[in-house]
Amino acid sequence: NERKSAEVWEDFWKEMTDTEDNQNEEYRHIIRTLILATEKHTPIMIDGKVDIVVALQEFFLDTDMAVLGKTPWNLYERYAQQIRNEYQHVPLDVYCQKRAEILQGFLQKEHLYYRPEFRRLL
């Protein structure tokens, strides 16, 4: 799904920009990388090196996960329903099993959030 989102971003970028200057290409690449990083919620590595500034990826990923630390509960419920809607093509039993695996994976991490700023606030 993240790969499809990155493709949508690329198509949008091509429609909205008519120049190929290096600064624009750098922005395009950064945003595409941030989108793809959400697939595994880990900073992207290319050729054994972290692509784009690590702190930027960490802030972006923490922002994406902030809903897990939010109250009231109805905010998370709404988020969970949006995720389910996004994967409505997946049978419910398979979706529930995979979603549980993803959430369990988050629990296995030393910290849910990369950045100390997010750890303090959430």
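## Helix H6 and Leu121

A helix here is a DSSP run of type H or I with at least four residues, and helices are numbered from the N terminus. In this predicted model, helix H6 covers residues 116-121, and Leu121 lies in it.

Is Leu121 buried or exposed? Its relative accessible area is 72%. The cut-off for exposed is over 50%, so Leu121 counts as exposed. Leu121 and Gly69 are 52 residues apart in sequence, while their C-alpha atoms are 8.7 Å apart in space.

In soluble globular proteins, nonpolar side chains tend to be buried together. The largest nonpolar core in this model has eight residues: Ala6, Trp9, Trp13, Ile35, Leu36, Ala37, Ile44 and Leu61. At least two residues of this core come from helix H1 (2-16), and at least two from helix H2 (22-37). There is also a second, separate core of six residues, among them Val67, Tyr79, Val90 and Tyr95.

Ala37 belongs to the largest core. Which residues does Ala37 contact, leaving aside its neighbours within four places in sequence? They are Thr42, Ile44, Gln57 and Leu61. Of these, Ile44 and Leu61 are also listed in the largest core.

## The cavity

Rolling a probe the size of a water molecule over the atoms shows where empty space is left. How many cavities of 30 Å³ or more does the structure hold? It holds one. The largest cavity contains about 30 Å³ of space.

The lining of the largest cavity consists of His41, Leu61, Asp62, Met65, Lys109, Leu112 and Tyr114. Four of the lining residues are nonpolar, one is polar and two are charged. Leu61 is part of this lining and also of the largest nonpolar core.

Definitions and conventions: Residues are numbered from 1 along each chain as its sequence is written. This is a predicted model: local features need pLDDT of at least 70, side-chain atom pairs count only at pLDDT 80 or more; totals for chains, interfaces and linings use all residues. Side-chain values use heavy atoms; hydrogens and water are left out. A nonpolar core is a set of buried Ala, Val, Leu, Ile, Met, Phe, Trp, Tyr and Cys residues joined through side-chain atoms within 4.5 Å. Buried means under 20% relative accessible area, exposed over 50%, partly exposed in between (1.4 Å probe, protein chains only). Contact means heavy atoms within 4.5 Å. On a 1 Å grid over the protein atoms alone, a cavity is a set of points where a 1.4 Å probe fits but cannot get out, and a pocket is an open set with protein on both sides within 12 Å along at least five of seven lines; lining residues have an atom within 4 Å of a point. Grid points are joined across faces, edges and corners, and a volume is the space filled by probe spheres set on the points. Ala, Val, Leu, Ile, Met, Phe, Trp, Tyr, Cys and Pro count as nonpolar, Asp, Glu, Lys and Arg as charged, and the others, Gly among them, as polar.
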